[in-house]
Amino acid sequence: MTEWRIKEISDLTKISIRMLRYYDKIGLLKPSYRSSNGYRCYTAQDLAKLQQIIALRYFGFSLGTIQSILQKHHNIYAHLQAQQQVLKEQSIHLQQVNDALGDILKRLSPSGTPDWNDLITLIERYRMTENLRNKLKTTWAGRELSESQFEEYLSIYEQFPKEFAAKDKIVEQINNKELGDPTGPDGERVALFMHDLSKKMKELFSKQVKFSSSLLESMQSGKLSQLQVTPEGAMWLSRAIISFWLKRWNALYDAIVENLKSDPEGKTGKKIAGEWTGLIDEYFSMGSRSFFTGILLWQEFARQDQELKESKTALSPQEMVKQYHIKLLFNPEAASWISRALEVHTK
């Protein structure tokens, strides 16, 4: 029979000796027996009970409530089933824990006892999330976000902890004005990192949209006055991202102009049309194409409507064309050439 003394179980589970002694004192988790020299000795059954305590604490139950639950229900299989059901109701950041529980239940009979290694894995999963929660509570997220917003942010953060830690470092550098020109190498590096992170998070797109909308609503109502990035930092980051995309579209425009004498229906037209659609695909690789298309069109119409409302007098033709910012629209040959290439080579 596998058994551990209190220091060994503490080292194994990363639960402090002081906390284990306290659990023993209040009768929440008593060791199966004591050795002849008085050492507390824990068995696999005790470890299973400790896993239940850690899980129930994670779900927000008080120690008194946990003690009552454990006294009423002694079946570890039923406990794991209940935990799994709760986890299914949690957001996606608990998926790893849910998968681990599912694996154990597949191998475990209703009357069996889980392998202690499985229980250690579960404890580590729960504590990993709790440690991250405590860390984030000391940041802007803990200070500024509502409880529900914080949990949403945590659930997204936990899926990409290394990437988000790197993002936090970049935001700190931006806020401290440690980076160079946003239209230069630093800006391009940051914009590319943010774009790559967004692509990795594509599976969480709907969750990101919900979280972002919640932040916008809080800012509009005055409930949220500060974001992770400072106003000056947000300006720097916006310029970096806009520059990142403009450079690519401007380079494509240059390629169109250089090839105006070639047949837009030929190989060159096909190549440049592919690059055009490739840029579009790259932008939409961050999430739902339909959602992004609709938002971009809607926002553009809203921008134009606002400009018309703010215009006190009718604009002259020269003033009207100022809203067309890209060079392509002022080059009839180039606009016609790429239009034809796209018409022929894309469906």
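1. **Contacts along the chain.** Among contacts in the protein chain between residues at least 6 apart in sequence, 67% join residues at least 24 apart. Please keep in mind as you read that this is a predicted model. The secondary structure of the chain comes to 17 helices and 3 strands. Of its 347 residues, 37% count as buried.

2. **Two pairs that illustrate the point.** Leucine 204 and methionine 286 are 82 residues apart along the chain, yet their C-alpha atoms are separated by 10.0 Å. Leucine 204 lies in the loop between α11 and α12, and it counts as buried because its relative accessibility is 2%, where buried means under 20%. For the second pair, look at leucine 246 in helix α13, which covers residues 231-258. Is leucine 246 buried, exposed or partly exposed? At 41% relative accessibility, leucine 246 counts as partly exposed.

3. **The largest nonpolar core.** In soluble globular proteins, nonpolar side chains tend to be buried together. Here, the largest nonpolar core has 21 residues, and the members that touch the most others are Leu20, Leu29, Leu47, Leu50 and Ile53. Which helices each supply at least two residues of this core? They are α1 (6-13), α2 (17-25), α3 (44-58), α4 (63-72) and α7 (116-137). Helix α3 gives the most, with 6 residues.

4. **A closer look at leucine 20.** Leaving out residues up to four places away in sequence, leucine 20 touches Ile6, Ile9, Ser10, Ile15, Leu29, Tyr42 and Leu50. There is also a second, separate core of 18 residues, which includes Ile156, Met201, Phe211 and Leu215.

5. **A buried charged residue.** Aspartate 24 is found in helix α2. Aspartate counts as charged, and yet aspartate 24 is buried, with a relative accessible area of 6%. What does aspartate 24 touch, not counting residues up to four places away in sequence? Its contacts are Leu29, Lys30, Pro31, Arg34 and Arg40. One of these, Leu29, is also among the core members that touch the most others.

6. **Helices α10 and α11.** Two packed helices are described by the angle between their axes and the distance between the axes. Helix α10 (residues 161-175) packs with helix α11 (residues 185-200) at an angle of about 150°, and their axes are 11 Å apart. An angle over 145 degrees counts as roughly antiparallel, so α10 is roughly antiparallel to α11. Their crossing is left-handed. On the α10 side, the contact is made by Glu163, Phe164, Ala166, Lys167, Ile170, Gln173 and Ile174, and these meet Arg189, Val190, Phe193, Met194, Leu197 and Lys200 in α11. Sorted by class, the residues of this contact are 8 nonpolar, 1 polar and 4 charged.

7. **Helices α9 and α12.** The axes of helix α9 (residues 147-157) and helix α12 (residues 205-221) come within 10 Å and cross at roughly 145°. This crossing, too, is left-handed. From α9, Gln149, Glu152, Tyr153, Ser155 and Ile156 meet Lys207, Gln208, Lys210, Phe211, Ser214, Leu215 and Ser218 in α12. The contact has 4 nonpolar, 5 polar and 3 charged residues.

8. **Two lysines with positive phi.** Most residues other than glycine have a negative phi. Where in the structure is lysine 14, whose phi is near 65°? Lysine 14 is found in the loop between α1 and α2. Lysine 14 is exposed, because its relative accessible area is 58% and exposed means over 50%. Lysine 177 also has a positive phi, of about 60°, although it is not a glycine. Lysine 177 is found in the loop between α10 and α11, the helix pair of point 6. With a relative accessible area of 67%, lysine 177 is exposed.

Methods
Residues numbered from 1 in each chain as written. Predicted model: local features only at pLDDT ≥ 70, side-chain atom pairs only at ≥ 80, totals over all residues. Heavy atoms only, no water. Axes fitted to C-alpha atoms, helices over the stretch in contact; angles between N-to-C directions. Helix = DSSP H or I, 4+ residues; strand = E, 2+ residues; numbered from the N terminus. Parallel < 35°, antiparallel > 145°, perpendicular 65-115°, else oblique. Left-handed = near helix turned anticlockwise from the far one by under 90°. Contact = heavy atoms within 4.5 Å. Core = buried A, V, L, I, M, F, W, Y, C linked by side-chain atoms within 4.5 Å. Buried < 20%, exposed > 50% of the residue type's maximum accessible area, 1.4 Å probe, protein only.
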